[in-house]
Amino acid sequence: MRKILCVLCLLLVCCGCSNKEKKDSEAYVIDAFPSVSEQGVYHIVKGKIGNQLYFYDGETNQDVPLCAKPNCDHNNNQCEAYLITQYKDTVMNYPPMPYEGKLYGVYMNMQTGNNYLCSMEEDGSDRKEILKLTDGAIASLMIYKNKAYICLETFEHDENGRIGRLAENYLTYIGDLTNGKLTQLDLDEDSIVNFEGVWDKQVMYMTIKEENDNVKGVLMSLSEDGKENKVFLDNMSTLNAFLYKGSIYSNDNQQIKKLDLKTKEEADVCQAHTDGCTLDSGVNDPFGLMRITCVKDNKFVKEIYVDLEKKQQVSIEGNIYTKYKDGYLVMDEQGLLKFIKE
Ligand SMILES: [Zn+2]
């Protein structure tokens, strides 16, 4: 799982792009980023009763459980904010992805290997099962134009057929959101597929290749129907690179770099200051916030953030959930979001 943080997102590729047609045609969402809709921000709070879906309202700046039940204390297993995170034998661990006026939630069970993708209205009502995948765990998922692009890591089985560990075997599918049909793609099953977004009408994903004990990142492009699969950039230094506004950003030993996909030119963005910690991983969000995990002696120290638009490290201390409007939403110890302007 590349979901290092409990984050999902809405990713509009052409942020700030006035060409509506272009924006509509390349809008997509990825399951690993913060979940930001036009009205506010969805996130999961892990409480005593289990996961609950919260909604930070961008108008009122209130962060409350997504529950319309009268007189609910939101601390019981009939609370709607809890019930929406439960489906059959599976649980929603990351907030649902807002896409074209609906929410899409991923539900998983690591014991049974069941995975569901469900759609619902933005208030959480009218949940419908769209896709079911069995015998694995979803490693990466992206929604683009009525299709879900999914990488499923399968489980090993013991001699009795019981599910064991994850098998490092990856199956990639396109799921049709209109009829639930799954089509498996003919991709290398030994390498993970991390969906990065859409660029120039191509579905872009990162994978790894091993050659003579060397592990390298490879950026691939896939046609929308999954039939054409090509190497786009070979020999990338790290899997922690990600796509943002037509460039691949990466973190190369505290130097943040960008590589323009059109010109293939590389440029320095800025330095990240990590107080002597080594950099472990970078995951981004839809608005160009690069997230870097600092690790020392194999222990987590802190996260730092680089604002790729401002080309600088964010000075706010704390656990930033996402960029929002002209500031950031910071998560407190209870898991609630507070707006902070830098
Ligand atoms: Zn409630």
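What share of the contacts in the protein with a separation of 6 or more is accounted for by residues 24 or more positions apart? The share is 40%, where two residues are in contact if their C-beta atoms, placed from the backbone, lie within 7 Å.

The structure is a predicted model, in which local features need pLDDT of at least 70, side-chain atom pairs count only at pLDDT 80 or more, and totals for chains, interfaces and linings use all residues. Residues are numbered from 1 along each chain as its sequence is written.

The overall values are set out below.

| Property of the protein | Value |
|---|---|
| Box of the C-alpha atoms along the principal axes | roughly 60 × 55 × 50 Å |
| Residues that count as buried | 38% of 342 residues |

A residue is buried if 20 or more other C-beta atoms lie within 10 Å of its own, exposed if 12 or fewer, and partly exposed in between.

Ala68 lies in the loop between β5 (63-65) and α2 (80-83). Ala68 counts as exposed because it has 11 C-beta neighbours inside 10 Å. Its C-alpha atom is separated by 18 Å from that of Pro96, 28 residues apart along the chain.

Key
Helices (H or I, at least four residues) and strands (E, at least two) are DSSP runs, numbered from the N terminus.
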